[in-house]
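Biologist: I am new to this structure. Please show me how to read its features, one at a time.

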Amino acid sequence: MNDIPLTGLLLLLLILILLSAFFSGSETALLTINRYRLRHRAEQGHRGARLARKLLERPDRLIGLILLGNNFVNILASSIATVIALRLGGDAAIGIAAGLLTFVILIFGEVTPKTLATLDPERLAYPAAYVYGPLLKLLYPLVWLVNLIANGLLRMIGVPLSSGPGTALSREELRTVVTEAGAMIPERSRSMLLAILDLEHATVEDIMIPRNEVEGIDIQDPADEISQAIRNAGYTRLPLFDGGIDNVIGVVHARHALHAMLDQGLGKEHLRAIAQPPYFVPEGTPLYQQLLNFQREKQRIALVVDEYGDFMGLITLVDLLEEIVGEFTTDPSDSIPEIHRTADGSILVDCGIGVRDLNRALRWELPTDGPKTLNGLVLDYLETIPESGTSLKLHGHPLEIVQTTENAVKTVKVPPRATRKGWRQERPG
C-alpha cells in the first residue's frame with residue numbers, strides 16, 4: 001500500500017465511504033420497505049421488487065451479507081485512513097484521522113443514507129436488490145458460515161429461530177392502517193371498511209328490533225285488525241304469532257298476505273299456509289357470523305332468542321347491511337328518527353335508540369359491551385329510575401332527563417356545545 005500515491009489513497013477512501021453509505025442505506029431500505037406494497041409491485045412484474053422479495057424471504061442471509069460488506073468496507077477505510085495519516089503527519093496524526101473518519105462515516109455513511117432510506121425505501125431497495133442477488137451467490141459460503149456461527153450463538157442463549165408472526169396484521173392493526181390511510185381511501189370507503197372490522201365486536205342484540213317494538217300479526221286477532229296491521233306494516237316481512245308474541249309460528253310476507261286477503265280472505269289456516277318457517281338465532285351471535293348465516297340459509301329475517309328460548313327481538317338482513325354501508329335513505333334527516341335538534345342548538349334523544357346508533361350519529365364512544373340502548377345505559381349508570389330534570393354526565397357526555405315513565409327513561413336532552421363547559425354531574429343519592 002506504500003506504493004499507492006496519496007491521491008489514489010484518498011480516492012479509494014472516498015469510494016469506501018460511498019460503499020459504506022450504500023450498505024447502510026440499502027439495509028434500512030430493505031428492512032423497512034412496506035411488505036404489502038412490495039408484494040403488489042412484485043406481482044405486477046416489477047423485477048426489482050421480485051428480487052427484493054426473494055432476498056427478504058431469508059432475512060438472516062441478507063443481514064449477514066450486508067453486515068459482512070459494511071464491516072469490511074469500514075475496516076478497510078480505517079486502515080487506509082491510518083496510512084494517509086502516517087504519510088501526512090506521522091504517528092501523532094493517527095488519532096486525528098480516527099476521529100475525522102468516525103465523524104465522516106457517521107454523517108455520510110450512516111445517518112444520512114439511513115434517513116433517506118427511511119423516508120423513501122423503494123428508491124434504494126429496488127436498485128440494491130440487483131446488487132445483492134449476484135453478491136449473495138458470490139459470497140454464499142462466507143455468508144453461510146457467518147449465519148451458522150450467529151445462529152448457533154442464538155440457540156445457545158435460548159433464542160428461537162423459527163419465524164415469528166411476520167407481516168400478518170391483527171384486526172386492530174388493520175383498523176389503524178385503514179384509519180391512517182387518509183386520502184388514499186375515500187372517506188365513504190374507509191367508513192365501510194372500519195364497519196366491517198367492527199362486525200366481530202357487535203352481536204345481534206346490538207342492532208335487533210326489541211320485542212316491544214316488533215310489528216307482527218296475531219292469528220287470534222279479528223280479521224279487521226289483521227288487515228289493518230298488514231296495511232300499516234312498516235316492514236316487508238312480519239312475524240306471525242299464535243296467541244302472543246312469545247309464540248312465533250312463522251314469518252309472513254306482507255305482499256303475499258295482501259294477495260291472500262284480496263283473493264281468499266284472511267283465515268287462520270290460510271295465514272299458516274303462506275307463512276314461512278321462523279328462523280331463530282341465539283343471542284350473542286356475532287354480526288359477521290350472522291351475515292354468513294343469512295347467506296347460507298337464504299334468509300332475510302331472523303328471530304333472536306335467549307338461552308331459554310324466549311323471543312327477544314328481530315334482526316333483518318337490511319339492518320345488518322346498514323351497519324356496513326349506512327342507512328338506506330335519501331334524506332339524512334330521516335336516518336336517525338330518535339334524534340331531533342331544537343332551535344337553541346340542543347339535541348333531544350329518544351332513549352330507545354341503540355348505543356351503537358347514538359355513537360355513530362353523534363361521534364361518541366359510549367360503551368357497547370353492556371346495555372344496548374341509551375335507556376339501559378342511563379338506568380345502569382344511575383341504578384334507579386330518575387326524575388325529570390335530573391342531570392348527569394354519562395361517560396363524559398352531559399345529559400338532562402326530559403321525560404320518564406314508571407319503568408324507563410323516555411327522552412334526554414344533550415345541551416348545546418356552548419353550555420357544556422362547567423356542566424355538573426348530579427347523581428341521586
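**Rings, helices and a sheet**

Modeller: A search of the whole structure finds four aromatic pairs. Rings of Phe, Tyr and Trp (its six-membered ring) pair if their centres lie within 6.5 Å; planes under 30 degrees apart count as stacked, over 60 as edge-to-face and the rest as tilted. This is a predicted model: local features need pLDDT of at least 70, side-chain atom pairs count only at pLDDT 80 or more, and totals for chains, interfaces and linings use all residues. Residues are numbered from 1 along each chain as its sequence is written, and side-chain values use heavy atoms, with hydrogens and water left out.

Biologist: Which residues do ring pairs link into a cluster?

Modeller: A pair of aromatic rings is described by the distance of the centres and the angle of the planes. Here the cluster joins Phe-22, Phe-23 and Tyr-132.

Biologist: At what angle do helix 4 and helix 6 pack?

Modeller: Two packed helices are described by the angle between their axes and the distance between the axes. Axes are lines fitted to C-alpha atoms, for helices over the stretch in contact, and angles run from 0 to 180 degrees between N-to-C directions. Helices (H or I, at least four residues) and strands (E, at least two) are DSSP runs, numbered from the N terminus. Helix 4 (residues 59–89) packs with helix 6 at about 90°, their axes 11 Å apart. So helix 4 is roughly perpendicular to helix 6 (angles of 65 to 115 degrees; under 35 is roughly parallel, over 145 roughly antiparallel, the rest oblique).

Biologist: Which residues meet there?

Modeller: Contact means heavy atoms within 4.5 Å. Arg-61, Leu-62, Leu-65 and Ile-66 of helix 4 meet Tyr-132, Leu-135 and Leu-136 of helix 6.

Biologist: Where does helix 7 come in?

Modeller: The axes of helix 6 (residues 121–138) and helix 7 (residues 140–156) come within 5 Å and cross at roughly 80°. Helix 6 is therefore roughly perpendicular to helix 7. Leu-136, Lys-137 and Leu-138 of helix 6 make the contact with Tyr-140, Pro-141 and Val-143 of helix 7.

Biologist: In what order do the five strands lie in the sheet?

Modeller: Strands of a sheet pair through backbone hydrogen bonds, either parallel or antiparallel. Two strands pair if DSSP finds at least two bridges between them. The five strands form an open sheet, 8-9-12-11-10, with antiparallel pairing. Strand 8 (339–341) and strand 10 (391–394) are the edges, each pairing on one side only. The twist averages 30° from one strand to the next.
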